[in-house]
Amino acid sequence: MQPANSLPRVRLLATGGTIAGTQLLGGKRGYVAAALSADALLTAVPQVAQLARLEAEQVAAIGSQDMDETVWLKLAARAQAALDEPDVAGVVITHGTDTMEETAFFLNLVLRTEKPVVLVGAMRPATAISADGPMNLFNAVAVAVHPEMRGRGVLVVANDEIHFAREIAKTNTTQVGTFRATYRGLAGLVHSGRIHLYAAPVRRHTAASDFSLRELTQLPRVEIVYAYAGMRPDLIHAAVRTGAAGLVLAGVGDGNVNAACRAAAAEAAKAGVIVVRSSRTGGGVVERNIEIDDDALGFVAAEELNPAKARVLLQLALTRTRDPRAIQEMFHVY
Ligand code: SIN
């Protein structure tokens, strides 16, 4: 075994979630998210001390349904500060699974680093029977210190799988195998800390990203409007009236909405609101100018990004430009 002081340093940034949750006592259903501290999580997995010297920092203590732009910016700043320390090998972030895909994608676009940044969560609370958090955390640390994981962008580790931030989505409300990489597959597998790499990320990220935390004190407001049979345009009008700079349509099929909503969205685009067409289907690519004349209506096609991730990219894009053609290019690149 390596002497402890020669092990790599890893910063653990804790934000809460079920991985830090405790089950209710007395046979009651439910649990309390974010009840345990970062140090308590590490105490439950003493084996991580064989992999790295962990330094824990509590950035937030929330269920990830309460994650927002303010916490994203704080978390990103703390992660960047750790990554900028020359002898920190990587960063592990504990996070609820509900919005992990959004936080991971945001960090993937703003952090300047080649070092591994690994988000990890759990579907079962820390005190549940067969909690999945301890092994997930052990595997996340193993990924964070592995030299071959450098340059792969922000990663998510859960259920023995390594995922790219851009590719994952939460697909199940309760099962431990909730994360799926619907389009381009897994980054790799990790079994009790042993890593099997499958693929490299295909889109621009981290060190090569044009987005940066510099001078970023808040993010522009972008709303998501979900499409359905019989949809009315009122929520599109409301988003515009209340000051949204961007609008993501979680469209039916190929990112479509009915004629009345298309007209409302086109009116919004004409008024300078950036309208991105994504799909509520959970699979496939929304392409330009197939079912809808994006050129004529001034829309942007989200390609493979689901509505939540399209919103993250649009928020960052709006910090650089309000030109829909330039923003479309960003959806080709990121
Ligand atoms: C949350 O996202 O904080 C709750 C659910 C989870 O962590 O699995």
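Biologist: How many aromatic pairs does a search of the whole structure find?

Modeller: Please note that this is a predicted model. The search covers the whole structure, and the number of aromatic pairs it finds is two.

Biologist: Is the pair of W72 and F106 stacked or edge-to-face?

Modeller: A pair of aromatic rings is described by the distance of the centres and the angle of the planes. For W72 and F106 the centres are 5.0 Å apart and the angle between the planes is 15 degrees. Planes under 30 degrees apart count as stacked. The pair of W72 and F106 is therefore stacked.

Biologist: How many residues apart in sequence are the parts that W72 and F106 tie together?

Modeller: W72 belongs to helix α2, residues 69-83, and F106 to helix α3, residues 100-110. The pair therefore ties together parts whose separation in sequence is 34 residues.

Biologist: Is F106 buried or exposed?

Modeller: A residue counts as buried under 20% relative accessible area. W72 is buried, at 4%. F106 has a relative accessible area of 0%, so F106 is buried.

Biologist: Is the pair of F211 and Y334 stacked or tilted?

Modeller: The ring centres of F211 and Y334 are 5.0 Å apart, and their planes stand at 40 degrees. An angle under 30 degrees would count as stacked and one over 60 as edge-to-face, with the rest as tilted. The pair of F211 and Y334 is therefore tilted.

Biologist: How many residues apart are F211 and Y334, which link distant parts of the chain?

Modeller: F211 sits in the loop between β12 (194-197) and β13 (222-226). Y334 sits in the segment after α9 (324-333). Both residues are buried.

Biologist: Which elements give two or more residues to the lining of the largest pocket?

Modeller: The largest pocket holds about 320 Å³ of space. Of its 22 lining residues, the closest to the centre are E101, A169, N306, P307 and A308. The elements that give two or more residues to this lining are β9 (168-170), β13 and α8 (307-317).

Biologist: How many residues in the lining of the second largest pocket are polar?

Modeller: The second largest pocket has a volume of about 210 Å³, and 16 residues line it. By class, four of these are nonpolar and three are charged, while the number of polar residues is nine.

Biologist: What is the volume of the largest cavity?

Modeller: The count of cavities of 30 Å³ or more comes to two. Among the residues that line the largest cavity are N108 and F164. The volume of the largest cavity is about 80 Å³.

Technical notes. Residues numbered from 1 in each chain as written. Predicted model: local features only at pLDDT ≥ 70, side-chain atom pairs only at ≥ 80, totals over all residues. Heavy atoms only, no water. Phe/Tyr/Trp six-rings, centres within 6.5 Å; stacked < 30°, edge-to-face > 60°. Helix = DSSP H or I, 4+ residues; strand = E, 2+ residues; numbered from the N terminus. Buried < 20%, exposed > 50% of the residue type's maximum accessible area, 1.4 Å probe, protein only. 1 Å grid on protein atoms, 1.4 Å probe; cavity = no way out; pocket = protein on both sides within 12 Å on 5 of 7 lines; lining within 4 Å. Points joined across faces, edges and corners; volume = space filled by probe spheres on them. Nonpolar A, V, L, I, M, F, W, Y, C, P; charged D, E, K, R; others polar.
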